[in-house]
Amino acid sequence: MAFAAALLLCALPAGSRPVSPDLNHCVDGGFTFKCCPRRSAKKIINFTPPPPYSPFRVRRPAHSLDPAAAANYSKAVAAMRALPPGHPWNFFQQSNVHCAYCSGGHRQTGANISLEFSLALTRILDHQIHGSWLFFPWHRAYLYFYERILGKLAGDPTFALPFWNWDHPAGMSIPAIYRRNSSSLYNPTRNPKALKFIDIGGCEPDASARPSLEKQRQCNLRVMHRQFAAASNSTELFLGLPYRAGGESFPGGGVLENVPHSPVHINTGSDMSRIRTAARDPLFFAHHANVDRLWAIWESIAGNGSSKAFKDPDFLNASFVFWDENMQRVRIRVRDCIDTRKQLNYHYEDVQIPWLNMTTEIERVVAGDRLRSRASASAVLGFSAVTVQVGRTAGAEGEKLVVGGIQFDRRERVWFDVYVGRAGGEALRATVRTAAGCFVNMEGGGAAGEGSAVSTELRLGITEFVEAIGAAGDDSLAVTLVPKIGGDRVTIGNIWIE
Ligand code: C2O
């Protein structure tokens, strides 16, 4: 294995630092959770794509899956659950794969040994697949192998995972096939509210209001539109920030990793809400199929035929290892999973995307919050909202709002909303504003102990929002942060526009 890794590295240009997991040293996080995979001496082979004429898989919406396909799926998962506990295909072993890659189980290998890196080795660097540009490709590869294992168990080479179509009004609740408690697709820890409605990003009515399902669904669609608007024209905003070998984990996830990804986890219920246990709920795979589908949609929007993903070799050569459907250990690189049709032989059924062409809604703030200077916001966020005045260049294009130096403990849940508003001239009052996005951290992530403290960033594309509030010509904006969960557990370093 060390030899294979060395070979892989030799082939890379000097100075490159793609991150990869050190499978020989998985660390369990104490007594409360153990998710390191069983050690295996089996040789790791390099991924080869399925031959172009081998069976193609079409992933369909879970809420409208035909009964035969649903029965096939639940039988395959039942077979997975019935495997011996140590079998790499066993349901819990499979869910532990996610846990080990998210809880500091795996450490990093994979950097060229430079002075800089040898120094870095004195720190413990976990291999973390959330909060960076690894988020989308890692989950794509994970589902790819999981799906093929299920296909093998079902004896169906065209077996495809269903996706949870929570971005369409017909899919905004836990799909029926996951609900029967006699089914292998059931998980007893779910939130009963999600049987009626899944809130994907802050669409829960306040306790006093009568929830109107129709209104809540519209709210979800607006959240989808807003998040895509904040991410659409930039690879970094969509996929997340660079993460290289020798670097600290969790530099900053993409806009959609925050929302809708994390709220869907949190609002589905207990297992799903904690990153370590999330993949113990079969809904995880339908949820992530939809997240993966959003990546494919992003690629297809205004695409000129070539991929919009990073061309950086540290992105493309980052690699992960999974058990495949032939009981082999396979190393797959990010470059192997950019295009689902051409490289991985699956795609998503085309369904209507009702949020795509919506417009941004603005909100009038009657007695606007008093603005503070930027410096005074770089303290504890606290429980109350804070509004700061942030300078910008009037008429700038492709503007990004950056909330930097966000510090918290990844074991805890944190959520704050971000608004951009007009600074409102001399009165220093926000008059008109719009929601621009949210920072959301699920709980139960990070390595044990020290490794769970992170400092990260939230970046939001604000062009559409600045136009909507009519501030394109202004030289400052009023940026409001509203803590929703764990406001006393998070501090902010700085806020700026670039
Ligand atoms: Cu790896 Cu949805 O989390």
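**View 1. Helices H8 and H10 pack against each other.** In this predicted model, local features need pLDDT of at least 70 and side-chain atom pairs count only at pLDDT 80 or more, whereas totals for chains, interfaces and linings use all residues. Residues are numbered from 1 along each chain as its sequence is written, and side-chain values use heavy atoms, with hydrogens and water left out. The axes of H8 and H10 are 11 Å apart, and the packing angle is about 165°; axes are lines fitted to C-alpha atoms, for helices over the stretch in contact, and angles run from 0 to 180 degrees between N-to-C directions. Helix H8 is therefore roughly antiparallel to helix H10 (angles under 35 degrees count as roughly parallel, over 145 as roughly antiparallel, 65 to 115 as roughly perpendicular and the rest as oblique). Helices (H or I, at least four residues) and strands (E, at least two) are DSSP runs, numbered from the N terminus. H8 passes H10 in a right-handed crossing; a crossing is right-handed if the near helix is turned clockwise from the far one by less than a right angle, and left-handed if anticlockwise.

**View 2. Residues of H8 meet residues of H10.** On the H8 side, the contact is made by Leu-256, Pro-260, His-261, Val-264, His-265 and Thr-268. Their partners in H10 are Leu-283, Phe-284, His-287, His-288, Val-291 and Leu-294. Contact means heavy atoms within 4.5 Å. By class, the residues of this contact of H8 with H10 are seven nonpolar, five polar and no charged; Ala, Val, Leu, Ile, Met, Phe, Trp, Tyr, Cys and Pro count as nonpolar, Asp, Glu, Lys and Arg as charged, and the others, Gly among them, as polar.

View 3. The peptide bond that joins Val-259 to Pro-260 is cis, with omega near 10°.

**View 4. Helix H5 crosses helix H10.** The axes of H5 and H10 (residues 283-300) come within 10 Å and cross at roughly 125°. That angle makes H5 oblique to H10. The crossing of H5 past H10 is left-handed. Among the residues of H5 in this contact are Phe-135, His-139, Arg-140 and Tyr-146, and those of H10 include Phe-284, His-288, Asp-292 and Trp-295. The contact of H5 with H10 comprises 12 nonpolar, two polar and two charged residues.

**View 5. Helix H2 crosses helix H5.** The axes of H2 (residues 67-82) and H5 (residues 135-154) come within 9 Å, with a crossing angle of roughly 95°. The two helices, H2 and H5, are therefore roughly perpendicular to each other. In H2, the contact residues are Asn-72, Tyr-73, Ala-76, Val-77, Ala-79 and Met-80; in H5, they are Tyr-146, Ile-149, Leu-150, Leu-153 and Ala-154. The contact of H2 with H5 has 10 nonpolar, one polar and no charged residues.

**View 6. UniProt lists two stretches for "domain: Tyrosinase copper-binding".** The unreviewed entry gives residues 130-147 and 281-292; such annotations may be inferred rather than shown by experiment. Residues 130-147 are 72% helix and 0% strand, and the end C-alpha atoms are 21 Å apart. Residues 281-292 are 83% helix and 0% strand, with the end C-alpha atoms 18 Å apart.

**View 7. Five strands form an open antiparallel sheet.** The order is E8-E12-E11-E14-E9. Strands E8 (363-364) and E9 (386-391) are the edge strands, each pairing on one side only. Two strands pair if DSSP finds at least two bridges between them. E11 (residues 414-422) and E14 (residues 476-485) are antiparallel and pair over eight bridges, and Phe-416 stands opposite Pro-483 in E14. Helix H8 (residues 255-268) lies across E11 and E12 (432-441), at about 55° to E12.

View 8. Four bridges join E10 (residues 400-409) to E15, and Leu-401 stands opposite Ile-497 in E15. Lys-400 touches residues including Ser-234, Arg-459 and Glu-498. The C-alpha atoms of Lys-400 and Glu-498 are separated by 5.3 Å, although the two residues are 98 residues apart along the chain.

How values were computed: Lists of a residue's contacts leave out its neighbours within four places in sequence.
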